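Good morning, colleagues. Please look at the sequence and the structure on the screen while I take you through a few selected places.

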Amino acid sequence: MARRPSATGQVGELRGLASSASIRRGATLNRGATLNRGKTLSRPDRFQNPETMFKKRTEDEPASCWVICSRITTCWALPPFLKMCGISDKQVQQAWREKVTLCAIIMLIGGLVAFLTIGFTFLLCPKSQRFGADTFVRYGDMQSQGQFGINGLIYDFTLANTTYPKGFQIDDLTPGQDISNLFMKNTPSCANLNSAAAKFNNCLAPGGCPTNITGTRDKLLAAFHLRQIPGKKAGYDWDQMAMPELANYMVIDGNVLNLDKYFALYKTPIANDELDTVLRNVRNTPRPEGGRDVTKVFFRRDSLKNSATCLVEQFSAGFIDKATPGCFASDLFMFVSLTVVLGIVVSRFAMAIIFDWFLSAKLARPPSKSKVQTNASAASSGTTIVTPGPQKTTPRETTGGDSLKGNIQELHTVLLVTCYSEGESSLRTTIESLAATEYPDDKKLLFIICDGIITGSGNDRSTPAICSSLLELDPAFDSDPTPQSYIAVAAGSKQHNRAKVYAGYFRWKHRRVPTVLVVKCGNMEEFDKPKAGNRGKRDSQLILMNFFSRVTYNDRMTPLDYELFRKIQHLMQVTPDKFEIVLMVDADTKVYPSSLRLLMNCMNNDPLIMGLCGETKIANKRQSWVTAIQVFEYYISHHLGKGFESVFGGVTCLPGCFCMYRLKAKKGEDWVPIITKPEIVQEYSQNIVETLHQKNLLLLGEDRFLTTLMLRNFPNRKMMFMPQAICKTVVPDEFNVLLSQRRRWINSTIHNLLELVLVRNLCGTFCFSMQFVILMELIGTVVLPVAMILTIVLIVNLSLIEISNLAQAAPLILLVFVLFMPAVLILLTTRKLIYVAWMFVYLLALPVWNFILPLYAYWHFDDFSWGETRKVAGEAKGEAHGNADGSFDSSKVPLKRWDDYEKARVRQAKRIERAERQRVNQDSPYIRSVSTTPSVYTDMGDSKTEIGTPGELGPMQYHFDYNGRQVMTPPLAGNPSRPSMIMGGGGGGPMSPPMNMKRAMTPPPPGWQHAQQQGGPMSPNGMHMSPNGMHMSPNGMPMSMPIPVLPNSMQRMPMPMPMQSLPLQGSPYGGSLTSPPPMGPGQMSSPYGFQEPPIPSGGMRRNRGNGNSMIRTDTESSASELNTLGGTSDSDHGAPTGAAVDHSDAVTHG
């Protein structure tokens, strides 16, 4: 059921550590302070859902059209045949069939492009009809001296040993003139015709035939040594047909007829001769430009059709030098195609230059003070600590980065680093570069995620060990925290994964950056496996996305989410709902110091930007020829491809090695979830993918798929490129690694563009739209091999012919323009001539980029592995984190709301404090003491098992498992073993968790403020030693204290001593856990004993009973309905009730 958005009011949280008592910088948390969480979102009503890309198919559902098409295409490959080839699994067989079908479609598209480029021209205009300067010798062409026409063919009279026929005067003739009447004619088509023209004999006409030789090629060569010029014909233009000397010339179907001797013999019309009448009428009728064409007259009359061929044999003098309709259509298609292609290329270059010169510079400049103050006021609705009375400042180290002057608050930013098998040098370089960015340290949080207990090839330590060694761990937390459960992106039992959360700081020079390290360590079944906890990069990103999505919506959390919440709050002094931006980088990337500031300027200058990336340069460009050919490819893909797309605000791929997203955005008075939008998180976290298309989307290119999801869900927002923000990364230096990487990238690109081309409401319209650009990019990617072949064919053909006109030169001009236009882009953008040299290196490798890599990728559509890209020591071939293993037990990962976790922690702390008071007073008959080093107990049936001593656990590190089932878990693979925690009988061995544990305990945090400040062994009256010799903290709490746990039967008994008040961390009203005071009018009692404020008239409260949220007025509320901690109110101390979500941008679950 959809619910209206509402504010999560002041929800309580325990005060944990003395160091985390102050949230605002320099503030000390006094008794009565409250933790004010900002407005969060509940799922709003939606308009229309974007259609999901992953529709789960039921068993009884018929096969889709695509599956049927793939089976028809590969009907020749029967299942037994595939089994013989080693393809036995049904899903693998189907993936193979889909791959073959996709390759067939690509071949069809490539063949269509080749046909339109070459075949279409030959179909409409065969070579025999292709006229031009290379075919015709034009009448009167002075460059053809000594060349004359005989029966339409050109003969050269200037060759050696050539003799002239009798009556031939070369000086009296025009070049290209017809001299066919000097020779006898062979006219077999005129034998059965009775017209005068059919029976005409030119040798009987005035002038006769001086040679009495038929004008055939062989006889002319034998008699006069005349040689025909190969491929040359006598040509006439329509303008020439108006010349006086050509008055007796006319045209039939493109053939020019010389009727001089016919009209010289028959000077008067011939009676009853239809053909003679037609010829005289055409000659005597004036026509524009001399166009005496009798084609229509002859072919419209059945009596004259047979005479056309006879006239061509009898009077042929040459041909009209004009393109046929087919050749005209072919030329028109070629020029239109070239114009479109050239227009696209030129417009891409022009827009890329405009973006680089003007738009990007405008986005990168520092925002105005008013803009940042507006954003800061929007961000300030996050969590702060309100401390009444004077505040004490706490010394803190200098934070780096240049902040804007004045009272301007920067946006809180998460710097996500995903690690897998990188070495210490790469990890240190990446983390140091992020720490050195010009941004305040108290506004950025390093969020490092290690994807499993992985030891990279060539490394002597695991990746988590390297990362933890780089940090200065916060002493307030354990150096080896308890693994917490979460739901991973995997199949089977691997959906249950666990992760450790380390909290600390990364020191770089004078700076100290808050850092959270998440180590995915696997479930219990992965204890002895080589890649325990590995679930992939997408799962690492989803740890962060799920966490902030649940924080934003105050949704149910996993134990890992709650652990992250507490430690981030402690490190940053604000709750996580204050964060608005996330920067994602890979662990082999070095970020320039100014890059983060520039990206943040873009976010501040344009609130519609939901994601952007910077330029990625190559750090090892001269390492090998493989790295050298990638330098210009990286440059052109950013400055040309992403620069052009940025004009439309639709960059189709933000590279995962260096990109930034909004977690949420402020729009008016409403919060709009962006990357935390539930639809995006849900689609991105698909763990069961069945079709080849889905696997190419999710398993190969998660970065591009995430960009696709963002554009599908927010087509009116912007994805941008910022060329001034730069990072450097390490690229493959071996060809087999490059082959694996580009296989993943190309296949992912095709499948993601197929999804994006269906998004209708992207920027622009028709040919000037982002949708058209995506379609062109998709077609261009698919036809890369064909384009490479056609380019080679074009170059070879042009090298074999002599270019004599513009039509012949047009393809060459286009090719040179396309290949060398990037040099102009280089000069106009980077102004670094060295990139021109890298461009020539790239051009030499064009066969690799446009032929070898695409073909390899297409044939491996059904290969979803990462290949040679990342090598892990001891990894077997075929291992993958997505392989299903067993079934998932959802009960292993409890999902509870944040306030439910807090309630449990309050109860634990309350019992611990009570037990500690009894132990210190030494007057409780229920406490078991063991000299001066008491043990920790847990209730296990009828027996008690000693599970350890406080000294072994360290301060504040009594490992609380938020699953609520165990205190300690076995050591994980890749981590040093811990001291044995089970000393007594548990039936599970020395390291097994205690069975049937009734309660998991967590200690009270150091620095606990007690309401009773005078007297008693815990009073801070100067004593720093407890009666049993334990070291005491300045406020009277023991620095290392045992935690006795009473049996259930004893815990139900009344306490023999007065209960001291226990303040509730994050309590909205600063109450303490004491007996409630008398309630005033309009007040309601809290289940935890503190008093709630009066409900204002018409006020609203939220009930979270049974996991649902209901909004009721004060007349409908009851004490039993207020199920949240302290009866949380929606009124956030005067803040507007109901943080709405803007429906035009945010479409979330109902």
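Helices (H or I, at least four residues) and strands (E, at least two) are, in what follows, DSSP runs numbered from the N terminus. This is a predicted model, in which local features need pLDDT of at least 70 and side-chain atom pairs count only at pLDDT 80 or more, while totals for chains, interfaces and linings use all residues. Residues are numbered from 1 along each chain as its sequence is written, and side-chain values use heavy atoms, with hydrogens and water left out.

I begin with a loop. Glu 526 is found between strand E15 (511–520) and helix H13 (537–553). Is Glu 526 buried or exposed? Its relative accessibility is 4%, so Glu 526 counts as buried; buried means under 20% relative accessible area, exposed over 50%, and partly exposed in between, with a 1.4 Å probe and protein chains only. Leaving aside residues up to four places away in sequence, Glu 526 touches Asn 497, Lys 531, Ala 532, Gly 533 and Arg 535, where contact means heavy atoms within 4.5 Å.

Gly 235 is in strand E5 (residues 227–236). With a relative accessible area of 0%, Gly 235 is buried as well. Its C-alpha atom is separated by 8.6 Å from that of Thr 135, 100 residues apart along the chain. The residues that Gly 235 touches, not counting those up to four places away in sequence, include Phe 136, Arg 138, Tyr 139 and Phe 319.

Let me turn to a pair of helices. Helix H3 (residues 90–124) and helix H9 (residues 325–364) pack at an angle of about 160°, with their axes 8 Å apart; axes are lines fitted to C-alpha atoms, for helices over the stretch in contact, and angles run from 0 to 180 degrees between N-to-C directions. H3 is therefore roughly antiparallel to H9, a term for angles over 145 degrees, with those under 35 roughly parallel, 65 to 115 roughly perpendicular and the rest oblique. Which residues of H3 meet H9? They are Leu 116, Phe 120, Thr 121 and Leu 124, and their partners in H9 are Gly 326, Cys 327, Ala 329, Ser 330 and Phe 333.

Finally, the whole protein. Its secondary structure comes to 28 helices and 28 strands, and buried residues make up 55% of its 1150 residues. Among contacts between residues at least 6 apart in sequence, 77% join residues at least 24 apart.
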